[in-house]
Amino acid sequence: TPESVALSRDFVSNKGKLPWPVKRGVVAGKFGKHAHPVFEHVSIQRDGIDIHTQASESVLAVFGGEVSAVFRLDGYEQVVIVRHGSYLTVYANLSEVKVSKGQKVATGGVLGSAYYDAEQGKAMVHFRVMNGQAAENPELWLAKR
């Protein structure tokens with residue numbers, strides 16, 4: 001639709017300027033292919049970034065759009081996907097979700113809260129930017145801190 005095309009263009013024009021999905025946090029898992037930390041000949045492909053943050057930290061929409069999915073996924077707890085025209089942002093490892101499918105969200109709107117893993121003693125949010133089915137490096141989209 002013309003609205004979808006306009007939203008996609010607006011999203012692209014903000015590349016490198018999007019706010020972070022959490023107010024406090026550091027990237028602990030980088031996008032792309034990496035050597036496995038334990039197994040010498042094994043690599044890991046990460047299609048997003050892992051951001052370590054504080055327990056129950058609010059997870060925020062990085063850009064306005066419409067919630068296209070809310071679901072639970074083993075290893076990622078609760079997941080929220082927000083559509084911005086042809087682009088999607090994915091917020092995973094949430095303990096609580098405060099939005100529902102079809103809901104419109106504004107930039108900075110609260111989607112839920114970060115999941116705290118008591119066994120590992122840390123809270124982490126997994127964040128992705130998708131252009132259709134293609135994963136893009138989220139760090140290139142977020143404003144520098």
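Okay, ground rules before we start. We're looking at a predicted model, where local features need pLDDT of at least 70, side-chain atom pairs count only at pLDDT 80 or more, and totals for chains, interfaces and linings use all residues. Residues are numbered from 1 along each chain as its sequence is written, and side-chain values use heavy atoms, with hydrogens and water left out.

So, the overall picture. The protein has one helix and twelve strands; those are DSSP runs numbered from the N terminus, H or I of at least four residues for helices and E of at least two for strands. Going along from the N terminus, the order is α-β-β-β-β-β-β-β-β-β-β-β-β. The C-alpha atoms fill a box of roughly 50 × 30 × 30 Å along the principal axes. The radius of gyration is 15 Å, which agrees with the value near 15 Å for a compact globule of 145 residues. That's taken over C-alpha atoms, and the globule rule is 2.2 Å times the number of residues to the power 0.38.

How much of the protein is buried? Buried residues make up 39% of the 145, where buried means under 20% relative accessible area, exposed over 50%, and partly exposed in between, with a 1.4 Å probe and protein chains only. As for contacts, meaning heavy atoms within 4.5 Å, 63% of those with a separation of 6 or more are between residues 24 or more positions apart.

Now the inside. A nonpolar core here is a set of buried Ala, Val, Leu, Ile, Met, Phe, Trp, Tyr and Cys residues joined through side-chain atoms within 4.5 Å. The largest one has 26 residues, and Tyr91, Leu111 and Phe127 touch the most other members. β4 (49–53), β7 (77–84), β8 (87–97), β10 (110–117) and β11 (122–131) each supply at least two of its residues. The largest share comes from β11, with four residues. Leaving aside residues up to four places away in sequence, Phe127 touches a list including Pro21, Ile51, Val62, Tyr91 and Leu142. Apart from that core there's another, of seven residues, among them Ile81, Leu88, Val90 and Ala92.

Let me zoom in on β7. Six of its eight residues are buried, so the strand is largely enclosed by the rest of the structure. β7 runs antiparallel to β6 (residues 65–73), and seven bridges join them; two strands pair if DSSP finds at least two bridges between them. Three residues sit between the strands in that hairpin, and Gly75 takes a positive phi near 90° there.

Is His84 buried or exposed? At 0% relative accessibility, His84 counts as buried. A polar atom of the His84 side chain lies 2.9 Å from the backbone oxygen of Gly64. Again skipping residues up to four places away in sequence, His84 touches Leu7, Ser8, Phe11, Phe63, Gly64, Gly65 and Thr89.

Then there's Gln78, also in β7. Gln78 counts as partly exposed, at 21% relative accessibility. Gln78 is the bridge partner of Arg72. Compare Ile44: Gln78 and Ile44 are 34 residues apart in sequence and 22 Å apart in space, C-alpha to C-alpha.

That's it from me.

Technical notes. A polar contact is a pair of N or O atoms within 3.5 Å; within protein, one must be able to donate a hydrogen and the other to accept it, and residues adjacent in sequence count only if both atoms are side-chain atoms.
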